[in-house]
Amino acid sequence: MLFWIAFVFLFTHRLFSMFFRGEAPFVPCNMKKLVEISDELELKENNILYDLGSGDARVLVACFRKQPKAKYVGFEKDIIPYLWSKLRLWRMGILKNIKIYRRDFFNEDLSKATHVFTYLGPKQMEKLEAKFEKELTRGAKLVSLKFKMPNKPNEQKKESAAKELFVYNF
Ligand SMILES: C[S@@+](CC[C@H](N)C(=O)[O-])C[C@H]1O[C@@H](n2cnc3c(N)ncnc32)[C@H](O)[C@@H]1O
């Protein structure tokens with residue numbers, strides 16, 4: 001019973017946030033996209049990838065499998081995907097390789113990221129644009145699934161368009 005009360009509370013709280021604050025809900029990206037995303041990010045050793053709204057950490061895991069020598073950080077505000085991602089990483093034995101923080105990414109300093117991945121929504125991309133311009137260091141690369149930033153021109157290649165990926169270089 002307690003479980004269901006907590007579940008309904010969290011679910012309605014999430015819906016409230018989605019509709020009134022324009023926050024992206026937990027909709028994990030399609031598994032088929034993972035290869036395309038990790039290819040587009042082109043991570044090298046010593047790169048640092050931030051997934052803003054990391055969900056169940058599937059993008060971070062896919063990238064880690066491709067480039068285990070880079071660093072991986074996820075920020076996830078919602079308790080359910082956060083705990084789920086930690087459990088998944090623990091079961092895969094890679095909990096110490098991928099750091100997930102239960103935090104709002106708007107309150108985080110992004111300056112250490114060399115690469116950023118987002119799968120959010122138009123309102124959040126609009127809000128993030130100024131933060132990216134202010135905090136991302138020169139040479140940082142952003143790959144966004146499905147949603148673009150309203151002002152910054154993206155370096156989208158034909159192939160990326162088909163994959164619904166928007167690529168930005170800072
Ligand atoms: C569409 S899902 C994408 C999940 C994952 N990146 C993927 O591609 O599978 C968006 C996630 O962002 C999280 N989120 C939305 N706004 C957030 C914020 N301000 N701070 C941290 N996480 C946030 C949501 O809880 C949700 O899990």
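Which residues have the most contacts inside the largest nonpolar core? Select Leu 49, Leu 60, Cys 63, Ile 98 and Val 116 to find them; the core has 38 residues. A nonpolar core here is a set of buried Ala, Val, Leu, Ile, Met, Phe, Trp, Tyr and Cys residues joined through C-beta atoms within 7 Å. Buried means that 20 or more other C-beta atoms, placed from the backbone, lie within 10 Å of a residue's own.

Before moving on, note that this is a predicted model: local features need pLDDT of at least 70, side-chain atom pairs count only at pLDDT 80 or more, and totals for chains, interfaces and linings use all residues. Residues are numbered from 1 along each chain as its sequence is written.

Next, select Cys 63. Leaving aside neighbours within four places in sequence, Cys 63 is in contact (C-beta atoms, placed from the backbone, within 7 Å) with Ser 38, Leu 41, Leu 43, Leu 49 and Tyr 72.

Now go to Thr 118, in strand S4 (residues 115–118). Strands are DSSP runs of E with at least two residues, and helices are runs of H or I with at least four, both numbered from the N terminus. Thr 118 is buried because 24 other C-beta atoms lie within 10 Å.

Finish at helix H5 (residues 122–135), which has 14 residues. Select its buried residues, Met 125, Leu 128 and Phe 132; they pack against S4 and strand S5 (141–145).

Key
Buried ≥ 20, exposed ≤ 12 C-beta atoms within 10 Å, placed from the backbone. Contact = placed C-beta atoms within 7 Å. Expected span 1.5 Å × (residues − 1).
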